[in-house]
Amino acid sequence: MLLIFTHKITNRLTYTARQLFEKILGIEITFTTKVEDFIKHTGPKMTYSKQPLQNEFFIRSNDLLFEQGINDLDIKVVDWEGVPCFFSAGDKSTLPFDIFSASFFLLSRYEEYLPHVKDSVGRFPVKESIAYQNNFLELPVVDLWAFKLLDALQQRFPDLEHKEKSYRFTSIINVTTSHAFAMRGLARTLGGFFIDLGNFKFRSILDRFSVLLGLKKDPFDNFYELIDIHKKFPIKTMFFFQFAKHSAHDKNVSTNHNKFRYLIKSVADYSEVSLSTSFLSSTDKTVLKQEKNQLGNLINRPVTYSRLRYNRVNVPATYRNLVETEFTDDFSMGYTHEVGFRAGTCTPFHFYDINMEVRQPLRVHPFAVHDYALVNYRSKEEIFEKMDKMYRMVKQVKGDFIVVFSNELLGGKQHLDWMELYQSFLKRYYV
């Protein structure tokens, strides 16, 4: 048991310290504000405050974890033995920066509460993030900091016990358009035909009629092929199906189509199936609950996992809606078009609602890469050079390496064979 002395125990501090010590490092902790209890404690201990008590393991605190609400922060990123960090702590501090405040800033998505201009679909832009601006988006810095803290503590307390967690790989298949041409109905089929004709997409017109006449399979219908691939590897796989009404942003097959319903039920026999929310339900609790319940009724099991359309996480409102509609886990924390760690970590964490100053029950699972972040790479070698670095980093800190692929890209016509690339991902990173 590690004892932490601080001048004030706050929700922010307990949330952050428990994530670092208990979830990442496997170290049990307790807090005290009483000097006499700290002095007589014979086990490992540390102080987190403005000044050390004596010559103990000391981290000088920034004000962030003792404040409430959102304030303008002056953040300067510096190097700590090859790892970027911020909130410098001065000479007396055992660590050169306030690891708790820096971790809270990233995990809570503090910067996403600050004023910013959203992108075309209402998302926080990656270029606004401190990680992107300071070139550490591809590093799970919170986990790296935690393990460097562990090394420092073990030098001071060689008998400090910790439970090691294991590296985990998770593959997510995101299904917002299950079929390119099939199951579309007459009006949508004719509309698609005339759009292709107007854009001189004659190959698409040929493919459409080949599918409708039963001469070839719909290119996006690769679900059973994916299931067969997944059977070869002992990995966690999940399919997130959109189950929503048609709209400008949501163009999946009708939820009333029997073949579509049968497809989802069939996939659910082999894999975890949960909800990819629609654009509307990302902000409308009533619609979100309808989609959740309808999908749950179809597969005859509770739907508690979510993925948000376009990874459109708007804090804290989006996560409050998920909590209120009884989702337990979300897999949207990442950027669609950039690889890396949006919250600076590769370890699942609970969302902290800054406006309410409370840890929410929703568990957030950060993903490292979305396939659309890789479409502009020219070769497999270029992709794997990038991915191998991230994999080694996640493996080093025994984190979760979560990748998101879509059936659309896996079935589309690209300069790379995406299905082959996907299988290579599984072979390369599952252990």
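## Contacts around His 350

Two residues are in contact when they have heavy atoms within 4.5 Å of each other. This is a predicted model, and in it His 350 touches Tyr 15, Arg 359, Gln 360, Pro 361, Leu 362 and Arg 363, leaving aside residues up to four places away in sequence.

Where does His 350 lie? The residue belongs to strand β12, which covers residues 349-353. His 350 counts as buried because its relative accessibility is 13%, and the cut-off for buried is under 20%.

## The overall fold

Stepping back to the whole molecule, the protein chain contains 14 helices and 15 strands. Its radius of gyration is 24 Å, close to the 22 Å that the globule rule gives for 431 residues, so the chain is as compact as a globular protein of that length. The C-alpha trace spans about 80 × 45 × 40 Å along its principal axes.

Among contacts in the protein chain with a separation of 6 or more, 74% are between residues 24 or more positions apart.

## Burial, surface and charge

How much of the protein chain is buried? Of its 431 residues, 58% count as buried. The accessible surface comes to about 19200 Å², and carbon and sulfur atoms hold 49% of that area.

As for charge, the protein chain carries 56 positive and 50 negative side chains. The centres of these two sets lie 5 Å apart.

Terms used:
Residues numbered from 1 in each chain as written. Predicted model: local features only at pLDDT ≥ 70, side-chain atom pairs only at ≥ 80, totals over all residues. Heavy atoms only, no water. Helix = DSSP H or I, 4+ residues; strand = E, 2+ residues; numbered from the N terminus. Rg over C-alpha atoms; globule rule 2.2 N^0.38 Å. Buried < 20%, exposed > 50% of the residue type's maximum accessible area, 1.4 Å probe, protein only. Areas by Shrake-Rupley, 256 points an atom, 1.4 Å probe, with all protein chains shown as cover. Lys, Arg positive; Asp, Glu negative; His and termini not counted. Charge placed at Lys NZ, Arg CZ, Asp CG, Glu CD.
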